[in-house]
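This briefing concerns the secondary-structure packing of the model shown below. Please read it alongside the sequence and coordinates.

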Amino acid sequence: MTASATSTSDSILTALQALDKDLIITFAVPGFVLLILIEMVVVRLSKHGRYDVKDSATSLSMGFGNQIAGILFGGFVIYSYFWAYQYHLFDLGWTWPVLVACFFLEDMAYYWFHRIAHERRFFWASHIVHHSSQHYNLTTALRQTWTGALGLNFIFWLPLIYIGFPPGMVLMFSAFSLVYQFWIHTETIGRMGPFEWVMNTPSHHRVHHAINARYLDANYAGVLIIWDRLFGTFVPEDDRELPRYGIVSQLGTFNPFRVAFHEWAGIWRDVTRAKSVREVFGYTFGPPGWSPDGSRKTSASIKAEWAARQQAAAVPAE
Amino acid sequence: MIEKLPVLAGSVAVIVLMLTVAFALGFRPKVQLNDAALAQLASNEGASIEAALIAPDAKSALARLTGGKIMVARAMGGDVSARIAPASAVHARLKGQKLSVQFADVGYPPLHMKVQTPPAWLADLVGEGR
């Protein structure tokens with residue numbers, strides 16, 4: 001490498017290190033707005049995709065509330081990262097190989113956060129907000145939780161900090177991941193050929209947002225779909241079964257406060273009525289829908305019922 | 001917090017812009033509940049309707065399903081949201097012609113609808129939920 005190339009490379013690393021990570025999202029916002037306006041026009045002209053002004057108002061209000069929550073509680077997350085960094089195992093620093101490794105590991109950490117956010121009710125209570133729209137458009141991408149920091153979502157990234165990845169680097173890739181995931185919330189883009197093999201795409205993420213039994217609990221990827229392929233949660237979109245969006249028990253409200261807190265209220269209600277420690281634990285950290293007598297529906301029970309129906313339909317009647 | 005206020009004000013302005021455009025483009029779907037829609041919702045849960053009551057504005061409905069469960073449905077713009085629960089888990093009140101149905105679910109606020117002639121099964125429900 002020549003001296004000037006080395007100098008340029010070092011300058012980029014220094015600039016990335018100094019970058020205010022909030023600016024990544026701030027700079028992306030005009031692009032978000034423009035893309036939403038374009039998508040609205042495309043939906044109007046093509047009739048491909050759906051919008052509802054009330055639903056979008058709720059989604060955008062949730063995004064606004066998330067912004068306020070970030071101002072109020074974001075410091076807590078950053079403090080936690082820097083606190084954990086005191087005990088880091090290795091001095092990895094800001095180098096290109098570390099950047100590449102951090103990109104992959106941050107994306108894998110996102111996969112596990114996201115998977116557990118669907119599989120454990122305590123984390124689902126925050127994440128359910130993002131899935132609570134019956135629509136799937138770019139405003140849905142902005143329907144974000146207000147309780148992410150209080151719901152301890154950040155703990156899934158702490159192992160990276162503990163290993164020795166600089167907190168600023170992890171925050172930077174988290175911000176890039178968030179920005180990347182915006183554009184995949186659309187029905188106006190179909191399949192994307194070989195891009196679908198490696199990257200998370202609108203098609204893959206439509207499956208993730210769908211409540212059809214065959215699509216439940218699939219495609220948790222952030223940027224790279226490889227983690228779903230690797231850990232066995234990948235489900236391709238099937239043209240014969242259009243996704244239905246939302247949550248299993250669709251919300252009956254557009255009120256942002258009810259959207260933000262309804263699952264937390266549900267946990268509180270169940271825990272205060274629990275009859276044993278096991279029940280408290282199950283209602284809090286069990287799968288969403290867990291109940292002591294199995295009377296409520298979980299993803300697993302919905303999928304099992306669906307599989308049984310499929311099997312019964314496949315067996316010819318005698 | 002104070003230094004973030006201009007950013008927050010900008011966000012509000014942009015949200016208003018986007019919603020104005022959505023409104024102007026006519027994204028204001030309205031679904032009307034009817035017997036067929038209720039039957040479909042019930043059948044999704046493996047049940048069928050025994051008796052149903054649809055509000056005059058067709059935006060909300062209450063139905064008694066086979067097996068004794070109760071279903072409520074409400075129009076959510078162009079979509080429908082429903083809840084099915086045992087009659088004992090539903091708190092129903094009838095004051096004059098105004099029916100209120102409440103679930104223990106913050107995500108599904110109480111349903112209020114006008115009932116001109118309450119059917120007999122509704123009186124049973126109001127009695128049970130009391």
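In chain B, Met76(B) has Asp79(B) in β4(B) as its bridge partner. The model is a predicted one, in which local features need pLDDT of at least 70 and side-chain atom pairs count only at pLDDT 80 or more, while totals for chains, interfaces and linings use all residues. Residues are numbered from 1 along each chain as its sequence is written, chains are lettered from A and ligands numbered from 1 in the order in which they are written, and side-chain values use heavy atoms, with hydrogens and water left out. Helices (H or I, at least four residues) and strands (E, at least two) are DSSP runs numbered from the N terminus.

**The four-stranded sheet of chain B**

- An open sheet with antiparallel pairing has the strand order β1-β2-β3-β4 in chain B; two strands pair if DSSP finds at least two bridges between them.
- Its edge strands, each pairing on one side only, are β1 and β4 of chain B.
- On average, neighbouring strands of this sheet are turned by 20 degrees against each other, direction ignored.
- Five bridges join β2(B) and β3(B) in the antiparallel sense, and Ser60(B) has Arg74(B) of β3(B) as its bridge partner.
- The hairpin of β2(B) and β3(B) has three residues between the strands, and Gly67(B) there takes a positive phi near 95 degrees.
- The antiparallel pairing of β3(B) with β4(B) runs over eight bridges, with Ala73(B) opposite Ala82(B) of β4(B).
- Two residues separate β3(B) and β4(B) in their hairpin, where Gly77(B) in the turn has a positive phi of about 65 degrees.
- Strand β3(B) is largely enclosed by the rest of the structure, because seven of its eight residues are buried; buried means under 20% relative accessible area, exposed over 50%, and partly exposed in between (1.4 Å probe, protein chains only).

**Helix α2 of chain B against the sheet**

- Helix α2(B) lies across β1, β2, β3 and β4 of chain B and runs at about 130 degrees to β1(B); axes are lines fitted to C-alpha atoms, for helices over the stretch in contact, and angles run from 0 to 180 degrees between N-to-C directions.
- Leu38(B), Leu41(B) and Ala42(B) are the buried residues of α2(B), which spans residues 35-44.
- These residues cover an arc of only 95 degrees around the axis and therefore lie on the same side of α2(B); the arc is that of the directions from the helix axis to the C-beta atoms.
- An α-helix has 3.6 residues a turn, so residues three or four places apart point the same way.
- The buried residues of α2(B) pack against β1 (49-54), β2 (60-65), β3 (69-76) and β4 (79-86) of chain B.
- Exposed residues Ala36(B) and Asn44(B) are carried on the face of α2(B) turned away from its buried side.

**The three-stranded sheet of chain B**

- Three strands form an open sheet in the order β5-β6-β7 (chain B), with antiparallel pairing.
- The edge strands β5 (91-95) and β7 (111-114) of chain B each pair on one side only.
- From one strand to the next, the twist averages 15 degrees.
- Strand β6 (residues 98-102) of chain B pairs with β7(B) over four bridges in the antiparallel sense, and Lys98(B) stands opposite Lys114(B) in β7(B).

- Helix α3 (residues 53-85) of chain A packs with helix α1 (residues 5-24) of chain B at an angle of about 170 degrees, their axes being 10 Å apart.
- That angle makes α3(A) roughly antiparallel to α1(B); angles under 35 degrees count as roughly parallel, over 145 as roughly antiparallel, 65 to 115 as roughly perpendicular and the rest as oblique.
- By class, this contact of α3(A) with α1(B) has 14 nonpolar, three polar and no charged residues; Ala, Val, Leu, Ile, Met, Phe, Trp, Tyr, Cys and Pro count as nonpolar, Asp, Glu, Lys and Arg as charged, and the others, Gly among them, as polar.

**Val43 of chain A**

- Val43(A) lies in helix α2 (residues 22-46) of chain A and is buried, with a relative accessible area of 4%.
- Leaving aside neighbours within four places in sequence, its contacts (heavy atoms within 4.5 Å) include Thr188(A) and Phe27(B).
- The C-alpha atoms of Val43(A) and Thr188(A) are separated by 7.3 Å, the two residues being 145 residues apart along the chain.
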